[in-house]
Every structure is written in structure tokens, then in C-alpha cells.
Amino acid sequence: MNYKSIPKFKRFKLKTEHGRYIILGSIDGILAILGVVIGTSHVANDPAIVINAALGGAVALALTNGVGSYLAESAVEFGKLAELEKPLLRSLNRTKIEEEAKKKIWSDSIFHGGASFCGSLVPILPFLLLDEYALEIAVVMSIAVLSILGVYSGKLAKQSMIKHSVRMVGLGIMIVAAVTILGLE
């Protein structure tokens, strides 16, 4: 079976723009929910409370990032359409160009919101699976996934994957330190 024999609707190639939203959403999910997990786990000994707080934050974050992307991308894409319409002296409503713009808006929104939710699961999983050291493992797992995201970011940028990875890990460590220093542990 070769690539061309696969029906078009089953083929999927990850676009660079999707990579951007995967990185953005994942970072948001990992770091925001890691903050929730750290803060909640130090005021409640019950993992169920930590999990519920983190899942609530994960759903809210995914929805706000998805809807925020939808609104922002709509403004940008429809602005581009309006610019194209000026020299054409005609509307592009119900055209292939408008259809592609709408697909892009939905696709970007789903990738951003979905990546936010998936990233949020990283610091939550240890609390679902472990009885001891869940917080410590959540921090380590989050830093590890940030490192992988850094490699992916470097690959997308065609730059040093190590530098991007170090920056991502540094960001994660800064967030953990900030939450700890502010006394929110």
C-alpha cells in the first residue's frame, strides 16, 4: 500500500501552524495545571481534591484556549479575506478561499484547546496512578515533557533542539520556583 492509495480524508500531515498550537497549548496545560497541583496538594492531603481541582482547571483552560484561538484566528483570517476582496471588488463569501479560512480557524482552535487539555494531563496523571510521591513525579514528568516539547520546538524552528529544550525546562523550573517562593505550596 502506498501513500497515494490512502483515501485523502485518511491522510494527515501535521502542519507547522499546528505545531505552534501544540507547543502553546501544551505549555499552557502543563504549567498552569502544575501550579494548581502544587498549590492544591499542599493544602489538601486527599488526592481526589487535587485531581478534581486540576481537572476543573484543565477543562477551563482547554475551553478558553480553544475559544480564544477561534476568536483570534477568526479576526485574522476574515481580515485577510477582507483585504483580498478589496482589489477584486467582490465578496469571497461561499468561495473555496472562505471555506479554507474557516477550516483553518476550526483546525487551529481544536489543536490549541486539545493540546492544552492533553498537556494538563501530565501533572494530573501521577495523582491518578500513584499513592506516594505523586507531586514529585508530577513535577519531574512535567519537566521531562517540557524538554521533549523544546526538542520539537527546535525542530520546527530548524534551530538548536538543545537550546529550545533548555529554555523550556528553564521555564518549567521558574514556574515551580515561583509557586514555591510565593508560598503557594
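Lys102 sits in helix H3, where helices are DSSP runs of H or I with at least four residues, strands are E runs of at least two, and numbering starts at the N terminus. Welcome to a short tour of a predicted model, in which local features need pLDDT of at least 70, side-chain atom pairs count only at pLDDT 80 or more, and totals for chains, interfaces and linings use all residues. Residues are numbered from 1 along each chain as its sequence is written, and side-chain values use heavy atoms, with hydrogens and water left out.

**Overall fold and dimensions**

- The protein chain has five helices and zero strands, giving the pattern α-α-α-α-α along the sequence.
- Its radius of gyration is 20 Å, whereas a compact globule of 185 residues would have one near 16 Å; the radius is taken over C-alpha atoms, and the globule rule is 2.2 Å times the number of residues to the power 0.38.
- Along the principal axes, the C-alpha atoms of the protein chain fill a box of roughly 65 × 35 × 30 Å.
- Among contacts (heavy atoms within 4.5 Å) between residues at least 6 apart in sequence, 69% join residues at least 24 apart.

**Surface and charge**

- Of the 185 residues, 36% count as buried; buried means under 20% relative accessible area, exposed over 50%, and partly exposed in between, with a 1.4 Å probe and protein chains only.
- The 19 positive and 15 negative charges of the protein chain have mean positions 16 Å apart. Lys and Arg count as positive and Asp and Glu as negative, while His and the chain ends are not counted; each charge is placed at NZ of Lys, CZ of Arg, CG of Asp or CD of Glu.

- Asn65 is part of helix H2, which covers residues 47-88, and it counts as buried because its relative accessibility is 12%.
- The side chain of Asn65 makes a polar contact with the side chain of Asp28 at 3.0 Å. Such a contact is a pair of N or O atoms within 3.5 Å; within protein, one must be able to donate a hydrogen and the other to accept it, and residues adjacent in sequence count only if both atoms are side-chain atoms.
- Leaving aside neighbours within four places in sequence, Asn65 is in contact with Asp28, His112, Gly113 and Ser116.
- Thr40 belongs to helix H1, residues 16-41, and counts as buried because its relative accessibility is 14%.
- Not counting residues up to four places away in sequence, Thr40 touches Ile49, Val50 and Ala53.

**Loop residues with positive phi**

- Arg94 lies in the loop between H2 and helix H3 (96-129); its phi is near 60°, a positive value in a residue other than glycine.
- Arg94 counts as exposed because its relative accessibility is 81%.
- Tyr133 is placed in the loop between H3 and helix H4 (134-157), and it has a positive phi of about 60° although it is not a glycine.
- With 58% relative accessibility, Tyr133 counts as exposed.

**Back to Lys102**

- Lys102 counts as partly exposed because its relative accessibility is 39%.
- The C-alpha atoms of Lys102 and Val37 are separated by 36 Å, and the two residues are 65 residues apart along the chain.
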